Structure formats: C-alpha cells, structure tokens
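Please open the structure in a viewer and keep the selection tool at hand. The stops below are meant to be visited in order.

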Amino acid sequence: FTSTRELRFQMGVYYIFIVSKSGGLIFNYDHNVPATEHEKTYSYPLEIQLKFENKRVIVAFGERDGVCIGHALLAVNGQPLNYKELPDGRDVFDVLADKTNFPLNLKFGRPKITTNEKIVLASMFYPLYALAVQLSPDQGSSGIKELETDTFKLHCNQTLTGVKFIVIADRNQQGIDQLLDKVYELYADYALKNPFYSLEMPIRADLFEEHLQVAIDQIEKTGFI
C-alpha cells in the first residue's frame, strides 16, 4: 500500500537579506517561506539513496514521487528526526536497513536554510553581482537587479555606498520595488541613524523588524505601500 501527500503554501515575500559593501550578511529575515513536503509509505528496499550531510539526512540519489535530490528526511512514521536519530535514540539508517521495519511512512521536505548557509549564500552573491557588472557591454551597469526561476524571483537594489538589499519573493508578487525602497528607508532610520550602530556589523533592532513586518504585510495584501 502506498499513499502520497504533498503540502505546498504559496506566499508573497519569502526572504529579505541586506549585504554589506564588503559582501558580509548583516541582516536576514525569514517571512512566509513556502513549505514543500512529500509523505509516502514505502516498501523494502528503499529506492531512494540517503546520506548524512550538514547535520541532515538528505536525498543523494533516486528522485521520485516529488522527492528531489537535496530534500531532507523530516520524519519516520510521524516521528521527527533529530539529526539522524529518532526520538527513541535509534539511528535512522539502521531502521531503514532492517527489512522487518517496513512498510515505513517517510516524510521528505526542503530543509530550512541555516544562518551559516545564509552567510555563505550572501558571500557567493557578492562576486556574482560584480561579475554581472564586468560582463555588461555598457559602462555603469547597475549589476543584477532581478533573477527569475520557475518558483521565485530575486530582486536586488544596490545603494551608492555598495550596500545590497535583496528580496526573494513569489514571481507574481507586486510592489517589490516599493518594498526595496521601504527597506532602505528603514535601514537609514533604524541603523544608520543609530549612534550605537557600526557599519558592516549585523543589524539588531526590534523596531526595524517590526516596521519591516508591517511593510511586508501591506505589500502582500495590497501590492503597494
């Protein structure tokens, strides 16, 4: 017996990043990130190859039933994984290797991006942006302003001082240019005007995040600020 269940939420704005002029991540904000989960009862032997990487059990080979390479194993028979262990302390690889444990209900999903991974992504975007400027046939190129995929669109706005504001949102979300302007306005008000804030340092200001949340909510509801 097999059954498949897919859960996917489409929201407007997913992430907001602020990258310093030197390429460091100084602010990140997770909004309503879409969740994609696939749950199915599998028989033995498991045709999906798993490996333990970056403190997660992830799919290394054998895409099927909506489960893709890079997806993480989230739960076994409804029991969430802690790294590669079940709540009773058993190693999940030992469980999957034992034929007597099958059939097993496995839930796979896209893993959440950790803070360290966000820092790495910010450092990777910095040279990519510079490369786009150099490849431009015209002088004074603005660099990367938008990157579009089949599931999301990345919007970037760089200030004259080299600080980059990045918004990752649904491809059809309206008003992102206004949101980028608003983020810059909030950055100026609650970071640059703060006498205790030092440039290139992470932004930690509750009022900044509160006003940012209000702006995002308004964009998602109305498409403008």
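Predicted model: local features only at pLDDT ≥ 70, side-chain atom pairs only at ≥ 80, totals over all residues.

Residues are numbered from 1 along each chain as its sequence is written, and side-chain values use heavy atoms, with hydrogens and water left out.

**Confidence**

Colour the model by pLDDT, the predictor's confidence in each residue, from 0 to 100. The protein has a mean of 90, and 94% of its residues reach 70 or more. Next, select residues 1-10, where pLDDT stays under 50. Helices (H or I, at least four residues) and strands (E, at least two) are DSSP runs, numbered from the N terminus.

**The largest core**

Select I16, I18, L179, Y187, I203, F208 and L212, the residues with the most contacts inside the largest nonpolar core, which has 25 residues. Such a core is a set of buried Ala, Val, Leu, Ile, Met, Phe, Trp, Tyr and Cys residues joined through side-chain atoms within 4.5 Å. At least two residues each come from β2 (13-19), β3 (25-30), β12 (164-169), α3 (176-192) and α4 (206-222). Helix α3 provides the largest share, seven residues.

Now centre the view on L212. Leaving aside neighbours within four places in sequence, L212 is in contact (heavy atoms within 4.5 Å) with I16, F27, Y29, V183 and L186.

**The second core and V67**

A second, separate core of 18 residues includes Y42, I48, V57 and V67. Select V67, in the loop between β6 (56-61) and β7 (72-76). Is V67 buried or exposed? V67 is buried, with a relative accessible area of 2%; buried means under 20%, exposed over 50% and partly exposed in between (1.4 Å probe, protein chains only). Beyond four places in sequence, V67 is in contact with H38, Y42, I48, V59 and F108.

Move to H38, in strand β4 (residues 36-42). H38 is likewise buried, at 5%, and its side chain reaches the backbone oxygen of G66 at 3.0 Å.

**Cysteines**

Finally, select C68 and C156. C68 is partly exposed, with a relative accessible area of 33%, whereas C156 is buried at 4%. How many disulfides does the whole structure hold? A search finds zero, taking a disulfide as a pair of cysteine sulfur atoms within 2.5 Å.

Conventions:
Polar contact = N/O pair within 3.5 Å; in protein donor to acceptor, adjacent residues only side chain to side chain.
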